[in-house]
Amino acid sequence: MDLNFDLYMNDIVNQARKDMNNAGYEQLTTEEEVDSVFKKEGTTLVMINSVCGCAGGIARPAASHALHYDALPDRLVTVFAGQDKEATQRARDYFEGYAPSSPSFALMKDGKITEMIERHQIEGHDVMDVITQLQRLFDKYCEEK
């Protein structure tokens, strides 16, 4: 593989991780971290990150801006599809009834999936539409902070 391409991809991945960290999401990079967080009581928003354009242009900005709201999940976490493969697969094991999709969002409550916002609900939509979808989930399953 071309060294310049590898460096370019590393830059994209690092920026994608930084975007999520800056928004307040905890990176889950191992199966053990996923199990530990997902088994906690309360609500957890999981952002399944990706290097695709709709992740950078729509999903990550929506993940950040949706948090300017009264009702919020107890925890914010992210797994990175294609990068942290074991953690991502372990997270997907919890998403019963949903096909693998990235980027996407999963809202967990007491260790169980409640609903997902899948790639087809992100790609081709604008950021505000995804924010609205996220905040609808917050209203339905989360408490005001």
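Visitor: Hi! What is the relative accessible area of aspartate 110?
Guide: It's 46%, so aspartate 110 counts as partly exposed. The cut-offs are under 20% relative accessible area for buried, over 50% for exposed and in between for partly exposed, with a 1.4 Å probe and protein chains only. Keep in mind that this is a predicted model, where local features need pLDDT of at least 70, side-chain atom pairs count only at pLDDT 80 or more, and totals for chains, interfaces and linings use all residues. Residues are numbered from 1 along each chain as its sequence is written, and side-chain values use heavy atoms, with hydrogens and water left out.

Visitor: Where is aspartate 110?
Guide: Aspartate 110 sits in the loop between E5 and E6. Those labels are for strands (E, at least two residues), while helices (H or I, at least four) get an H; both are DSSP runs, numbered from the N terminus. Aspartate 110 also has a positive phi of about 50 degrees, although it is not a glycine.

Visitor: And how many bridges pair E5 with E6?
Guide: There are 5, and the pairing is antiparallel. Strands pair if DSSP finds at least two bridges between them. For lysine 109, the bridge partner in E6 is lysine 112.

Visitor: What's the order of the strands in the sheet?
Guide: The order is E1-E4-E2-E5-E6, which makes an open sheet of 5 strands with mixed pairing. Strand E1 (26-27) and strand E6 (112-117) stand at the edges with a single partner strand each, so one side of each has no neighbour in the sheet.

Visitor: Which helix packs on the sheet and touches E1?
Guide: That's helix H2 (residues 31-38), which also touches E2, strand E4 (75-80) and E5. A contact here means heavy atoms within 4.5 Å. H2 makes about 155 degrees with the direction of E4. For such angles, axes are lines fitted to C-alpha atoms, for helices over the stretch in contact, and the angles run from 0 to 180 degrees between N-to-C directions.

Visitor: Let's look at E2. How many of its residues are buried?
Guide: In E2, 7 of 7 residues are buried. Thr43, Leu45, Met47 and Asn49 point one way, while Thr44, Val46 and Ile48 point the other way. In a regular strand, side chains alternate between the two faces of the sheet.

Visitor: What does the side chain of threonine 44 join up with?
Guide: The side chain of arginine 75, through a polar contact of 3.0 Å. A polar contact is a pair of N or O atoms within 3.5 Å; within protein, one must be able to donate a hydrogen and the other to accept it, and residues adjacent in sequence count only if both atoms are side-chain atoms. Threonine 44 is buried, at 2% relative accessible area.

Visitor: New topic: how many residues does the largest nonpolar core have?
Guide: It has 28 residues, and Tyr25, Leu45, Phe105, Leu134 and Phe138 have the most contacts inside it. A nonpolar core is a set of buried Ala, Val, Leu, Ile, Met, Phe, Trp, Tyr and Cys residues joined through side-chain atoms within 4.5 Å. Apart from it lies another core of 17 residues, including Phe38 and Met108.

Visitor: Last one: where is the cis peptide bond?
Guide: It joins serine 102 and proline 103, with omega at about 0 degrees. Proline 103 is in the loop between helix H4 (85-94) and E5. Serine 104 lies in strand E5 and is buried at 0% relative accessibility. The side chain of serine 104 reaches the backbone oxygen of serine 101 at 2.7 Å.
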